[in-house]
Protein chains: 2
Amino acid sequence: MNIGILGFGVVGGGAYHVLNKHAEAIAQRVGCRLAVTKVSDIDWQRDRPGLPPAEVRTDNSLAVVRDPEVEIIVECIGGVRPAKEYILEAIGTGKSVVTSNKELMAKHGAEVLDAAKAAQVDVEFEGSAGGVIPIVRALKESLEGNRIEQIVGILNGTTNYILTRMADEGLSFEQALAQAQELGYAEPNPEADINGDDAAYKLAILASIAFGKRIRIEDVYKEGVRGITPADIEYAKGMGYVVKLLAIAKNAREGAEVRVHPALLPQAHPLAAVKYEFNAVLVRGDAAGDVMLYGRGAGALPTGTAVVGDIISVARNIVRNATGRVVCSCQGEATVVPISEVEARRYVRMRVKDRPGVVGKIATIFGEEGVSLNSVIQQESRGASAEIVWVTHKVAERRFARALERIGELDVVEQATHVIRVEE
Amino acid sequence: MNIGILGFGVVGGGAYHVLNKHAEAIAQRVGCRLAVTKVSDIDWQRDRPGLPPAEVRTDNSLAVVRDPEVEIIVECIGGVRPAKEYILEAIGTGKSVVTSNKELMAKHGAEVLDAAKAAQVDVEFEGSAGGVIPIVRALKESLEGNRIEQIVGILNGTTNYILTRMADEGLSFEQALAQAQELGYAEPNPEADINGDDAAYKLAILASIAFGKRIRIEDVYKEGVRGITPADIEYAKGMGYVVKLLAIAKNAREGAEVRVHPALLPQAHPLAAVKYEFNAVLVRGDAAGDVMLYGRGAGALPTGTAVVGDIISVARNIVRNATGRVVCSCQGEATVVPISEVEARRYVRMRVKDRPGVVGKIATIFGEEGVSLNSVIQQESRGASAEIVWVTHKVAERRFARALERIGELDVVEQATHVIRVEE
C-alpha cells in the first residue's frame, strides 16, 4: 500500500522515520506492506537527517495528492493554506487522509470531516491534539459509552516547560523562554504557544469529539502566560498550588465552557505533577470517572508515533474495505457559555499604599459587588507600599471585573493587579 | 444488532447499565441499534439494582451462546470454567466476543485468540487489564509504530488502596484491609489481589501485546503485599520513596522480565502519585517515549465502560463486515529471564543486637558476595537491639539471596529481614 507524505518537517520526518524503522513489524500486523513512495516539501536544500531517496522526493504536493498509486495522504504541512485544498482534493479522489494539523482541524474540521463522511474515506488526526497521547482514539472509541462531562488538559508543551523552569528554578518568564528556545522546546517565534492559540486549537478539537457538538474556535476563550511572574508562582506554592496553562472544557446543561488560561491548581491534582514538555489530559465520563492520559505533546518521534498509529488504522480499513468505519458523529454546533458568565475562583495580587484602612476599603468593594473572599495575605511592607494577595470564592467574570474596576480607581492601589483563575 | 451478556455480576451489570443509558448516542455513532436480548446468570434471586426484564433473563448461558439472533457474546462470568467453553463455542459459531476475564485471557489467551483469528471474528478484552484505562487499544493500535521497551504499572486497585491508607494514615496492613473490605474496595476473599495474582494476570496480557510474544502466566514472578509494614513505609518516606505494588515488564535483548512485587518508587515518579483504588500504566516506546494512562481499575461502571467500548468496536466491524480487522499478532512465546538473574536495587530492614562491630560484620558479607551498598541508616537503639536499613545498588537476585542467607546465620541478627525491591 503506497503512502504519500506532504511536508518533511518535524512531524513528517518523524512519521517517515518511524514507518521505515518498524516496516517489518507493521507489515506483519497490518497484513500488507506500507511503502512511502512520495514525500513533498518546498525546500529540500535545508539540511535534515534521514532524507528520503531522490526518486521519492518532490516539491509538487499536488502531484502526490493526484498520484493514482498513492492510497493514503499524510498531511504534515501545517496551517490552513495550502493544506486544506490538498486534503479536500485527496478526499475528493477517494483517498484517506492522516493529518497532524491542529489549526486546520480546529478551524475547518467540520468541512473536512463532512467531506470524508460523504466520500466514505477516513480522516484521522490523532497527532493534531496532544502529540503522542492517544486521546482522540480514546474519545472516539474507548470512552464512547460515556457522556463526557469535562476535559481538563495541559495541551501545550512549550508553556508547560517554561512554567516548570520558572517554578523549580525561580527563572523569570523571559529567562525561561530563552532557555526553552535554546533547547528546542520553543520555536524562534513562540507566539502561538505563549498566547494560548496552540492549546485552544487542540481544546476545540477534543471538546468537539467529547461533547458530540462542534466547538467553533472563535468561541474558545484564551489568555496566555506572558503575565505570570515568579512572585505569583511563589505565592501559589505557599498556598499549596502550582501554576499551569490549562485547557478546560465543561459540558454543562446550559452550554459548553471552553477556555484556555493560566490557573492555580492544587499540588495534589493529578495534572499538577505534569512537568516540562509533557502534556496530559484528564477526562471525566459519567460512567468512567476520571481517566488521565499523559505523554510528550510534541517532537518528531512522539508526534510521528501518533501519525503512524493513524496510518496503520487507515491501512487496516483499506485492507478490509472498511474506510469510514468511524465517522464524525457531531450533531451541529455547541452553544458556548460566554466567558462573562463563567464562574471561577480568582487569585488577585496587588500593590497598595501602606496606610490604615486599605484592606478594609478593598474588601468592602469586593463585598458590595458580591465577590466573596476565601483568604487574604498581606506581606510585610516594603517602604511605603505593601503587597496583598486575595483568593476569592467562585464568582462570575462579569461581577469580578466590576469589582476590580472599582478597586483600580482607589488612589491607594499603586499598580495593575495580577489576576489568575483558581481551579480545583 | 443483538447482544447476549453472560454473567450479571459487577461488570456484566455495569456494561448492561452503560449500554442502556446511552443507547441513543451509541446507535447514532455505530449506525445501528444495539439491543441486549439475553442476559444469563446462575442466580437471579440475589438482590441487585437494575435487573433486566424477565424475557431477557435466563439461567442458561449455553442457550445464549447458541441463540442464532445474538451476534455479540459479552462474557462477564470470570474464571476459566465454564467461561472458556462458552467463548470457544461462540467463536466456533462465528460470533464475536467481548470479555473482561483476566484469568482466562492470561492463562488461555493464545488458544482463544488463535480460534478468533481462524474464524475471522473479534475477541476484545479491554476490560480484562486495567479496568477503564484504554491500554489494550493503545498498545494494539495507537502505539503500534513503536518497539515497546517496558511497561510499569499499578494494576491492582485493592492493594493500592491498602498501601495508600497505610501510608497516609499509618494503618497496619490488617486495619487497611479491613477498611478496604468495609468500603467494597476488597472482596471478602481478597487473596488473589493481595498475593499478586490479579496484577500478574493483567501484566501477562499487556506484556504479550506489547512485546508481540506470548507471556506464559507461569513465567510471571510474583510477590504480594502482606509483608509490608508501616515501618517500611515510614523508612521509605524518609528516604524520598513511596511503596507500591508494581507490575513490571521489560523487553530486553536477552529476554523479557515480567514480575509483580512491592517496590520503593521515588516520590517524583509519575506512578507515585497514583493513589487509592486508581490504576495506571506507564509505557515506554522507542519513538513515543513515556506514555501514561490512568483511571479506575475496577468497579461496575468503569469496567462496564471498557466493555461497552469493545462492544461498539465489534459492532462497527460487523456493520462493515470487517470483524478480525485487528487480530493477535503475537509470534510464539517469549523467552523470560528467570528471576534469579534479574537485577534490582534492594531495601533491607533488619533488627540486630546492639553490639560493637555488627554493622561492619554485615557490610563485610554484603561486600564479599558482591552486593554494593548505596546507603545505611541505623536508628537509635531500643534496649539491647537496633534496627538497620540498607539500600543496595543493583544486584542479581541470586547474589543477593546468598548474602542474605549468610547474614541470617549471624547470631547478632535477631529477626527475619524485610526486603523490598527499589525501582527508579
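Predicted model: local features only at pLDDT ≥ 70, side-chain atom pairs only at ≥ 80, totals over all residues.
Pro82(A) sits in a loop of chain A, between strand E4 (70-75) and helix H4 (83-92).

Now over to chain B. Pro82(B) is found in the loop between strand E4 (70-75) and helix H4 (83-92) of that chain. Here, too, the bond from Arg81(B) to Pro82(B) is cis, and omega is near 0°. As background, most peptide bonds are trans.

Next, the backbone angles. Most residues other than glycine have a negative phi.

| Residue | Phi | Loop in chain B |
|---|---|---|
| Tyr276(B) | about 50° | between strand E10 (255-266) and strand E11 (278-285) |

What about their surroundings? Is Gln120(B) buried, exposed or partly exposed? Gln120(B) is partly exposed, because 14 other C-beta atoms lie within 10 Å; a residue needs 20 or more to be buried and 12 or fewer to be exposed.

How many C-beta neighbours does Tyr276(B) have inside 10 Å? There are 15, so Tyr276(B) counts as partly exposed. That goes with a positive phi of about 50° in a residue that is not a glycine, placed in the loop between E10 and E11.

Note on methods: Residues numbered from 1 in each chain as written. Chains lettered and ligands numbered in written order. Helix = DSSP H or I, 4+ residues; strand = E, 2+ residues; numbered from the N terminus.
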